[in-house]
Amino acid sequence: MELEIYKKTKQAIQKSDLVIFLVDVKTGLMPQDREFANFIKRNKLNSLLVVNKCHNNQDRNQSNDFFKLGLGSPIMISSASGAGVGDLLDEVVKKVKVQKEIISEPKNAIKITFIGKTNVGKSSIINAILNENRVIVSTREHTTRDAQYVPFEYKNQSFILVDTAGVRKKTMQIKRDELEAKSVVQTRKAIKQSDVIILITDVSLPLSVGDMKFAEIIKEEKKGLIIVANKWDKIEEKDTKSYNKYVEYYNRMMPYLSWASVLPVSAIDRQRVFNILDEAKVIYDKNQIGIEREILKKFLVKIIKMHPPTIGRGNNKPRIFDIKNVAVSPLTFEISIGSKTSLHDSYIRFMEKKIRQEFNLRGVPVVVYVKKSRTVVR
Ligand code: GDP
C-alpha cells in the first residue's frame with residue numbers, strides 16, 4: 001500500500017506546476033523525506049520546502065534540520081495557528097509564475113543559461129559556442145512556448161542550453177518594453193531549470209540598473225554562477241591588474257554575488273568563450289561532490305583557532321562542536337553549536353567564506369546554517 005502511495009504521489013508530482021513539500025518538525029527528518037527530496041532534486045522540480053507545526057522558537061531551531069534535504073531554506077508555518085501561511089502563499093505565487101516544464105534530457109547533461117540585458121553580447125557568445133559545435137547540435141522538439149532546450153556536446157560532456165526566447169530569436173520584432181517585461185519572467189524560468197547561470201555583462205560600460213535587475217533575480221537562487229565580463233577587447237591598456245580591478249568593481253556593485261566566478265571574454269575575438277563551458281563543468285562537478293567528514297573536521301579546528309566564534313544573542317560564549325556537509329547541490333553545511341548559545345550572523349558568513357576558500361568553491365552554490373545540539377559531538 002505504501003509503495004502504491006509513493007508511486008501515485010510521484011506521478012502526481014511530475015504533472016504539477018509546483019510541489020509543496022510538507023514536513024513535520026515534531027517528527028523531525030524522516031527517511032521518506034530524504035527520498036522525496038532526492039526525487040525532487042533529480043527531476044529538478046519546482047518546489048517549496050515547508051515545515052509545519054512550528055509553534056515556538058524551539059520548533060523553529062529544530063526546523064533547521066531540514067536544510068539537510070538540500071532544498072534550501074525551509075519555510076516555517078503553523079497550520080494550527082495560521083502563522084506563516086500568508087508568507088507561504090506569497091512564495092507560492094512567486095514560484096508558480098516561474099513554473100517549469102518537465103523535459104527529458106540526456107543523463108548528466110549540464111544545463112546552462114545565459115542571461116543579461118540587451119546588447120551585452122549574449123547572442124554573440126551563444127552563436128560562437130553553437131556554431132563551433134554545429135555537427136552535434138540538434139534543436140530537439142523540447143521547444144516550449146517560452147524556452148528552448150538546445151543540447152550540444154563539448155569535450156565529451158553533454159550540455160543543454162536553456163535558451164530564453166528573447167535571445168536567439170532576436171530578429172523577431174517585439175516591442176522593446178514588452179521584450180524586457182517578458183524577459184524577466186523567462187529569465188526566472190530558465191534559471192530554475194539550470195545548473196549553472198551565466199550572467200553576461202559588458203565591460204565597456206559601467207554596470208547599470210539593467211544589469212542589477214538580473215543580479216537581483218539570481219541573488220536568491222542556489223545555482224552555479226559565472227559572471228562573464230564580455231567585450232574584454234574594448235579595454236584599452238590592459239595589464240596584469242585589469243582583471244582584479246574588474247572583479248573588485250563587480251564585488252563592490254554586487255556584493256551578494258561576490259562568490260561568483262568572473263571570466264573575461266571577448267566574443268568578437270573568440271577569446272576565452274569556451275572557458276565558460278570548462279568553468280561550468282568544474283562548478284557543476286563540485287556541486288555534486290560533497291566534502292569528506294574528516295577533512296571538514298580538520299578544517300573546523302583550523303578555523304576556530306584562527307578566529308574564535310563570536311556571540312550572537314545572549315551571553316554564553318558559543319562553542320562549535322561539529323561541521324557536516326549534509327547535502328549536495330547546493331552544497332549544504334551544518335554547524336553544530338551548544339543548545340544554550342547562538343552564533344553571530346557575521347561568523348556564519350565568515351565560515352561560508354572560509355569554506356569556499358578552503359575547498360575552491362568559486363561559483364559553486366553554498367548554504368551554511370546553524371544547528372543547536374544538546375549533545376556534544378566529537
Ligand atoms: P545581445 O543583445 O546580448 O544578444 O548582444 P549581441 O550579441 O547582439 O551583441 C550586441 C553588440 O555587441 C553587437 O554589435 C556585437 O557585435 C557586439 N559585441 C558582442 N560581443 C562583443 C565583444 O566581445 N567585443 C566587442 N567589441 N563587441 C561585441
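Thr-341 is located in the loop that runs between β11 (331-338) and α12 (345-358); helices (H or I, at least four residues) and strands (E, at least two) are DSSP runs, numbered from the N terminus. This is a predicted model, in which local features need pLDDT of at least 70 and side-chain atom pairs count only at pLDDT 80 or more, while totals for chains, interfaces and linings use all residues. Residues are numbered from 1 along each chain as its sequence is written, and side-chain values use heavy atoms, with hydrogens and water left out.

Thr-341 counts as buried, at 9% relative accessibility. The term buried denotes under 20% relative accessible area, exposed denotes over 50%, and partly exposed lies in between (1.4 Å probe, protein chains only). When neighbours within four places in sequence are left aside, Thr-341 is in contact (heavy atoms within 4.5 Å) with Asn-316, Lys-317, Pro-318, Arg-319 and Lys-372.

**Salt bridges**

Side chains of opposite charge can pair when their charged atoms come close. A salt bridge is defined here as a side-chain nitrogen of Lys or Arg within 4 Å of a carboxyl oxygen of Asp or Glu. The structure contains 16 salt bridges, and the table lists pairs from among them.

| Salt bridge | N to O distance |
|---|---|
| Lys-53 and Asp-24 | 2.8 Å |
| Asp-278 and Lys-155 | 3.0 Å |
| Lys-192 and Glu-221 | 2.8 Å |

The salt bridge between Lys-53 and Asp-24 has an N to O distance of 2.8 Å. This pair links distant parts of the chain, 29 residues apart: Lys-53 belongs to the loop between β2 (47-52) and α3 (57-62), and Asp-24 to strand β1 (residues 19-24). Lys-53 is partly exposed, at 32% relative accessible area, whereas Asp-24 is buried, at 18%.

In the second pair, the side chains of Asp-278 and Lys-155 meet at 3.0 Å, N to O. Because Asp-278 lies in helix α10 (residues 275-288) and Lys-155 in the loop between β5 (147-154) and β6 (157-164), the pair ties together parts that are 123 residues apart in sequence. Asp-278 is partly exposed, with a relative accessible area of 27%, and Lys-155 is exposed, with 60%.

For Lys-192 and Glu-221, the closest N and O atoms are 2.8 Å apart. Lys-192 is buried, at 15% relative accessibility, and Glu-221 is buried, at 16%.
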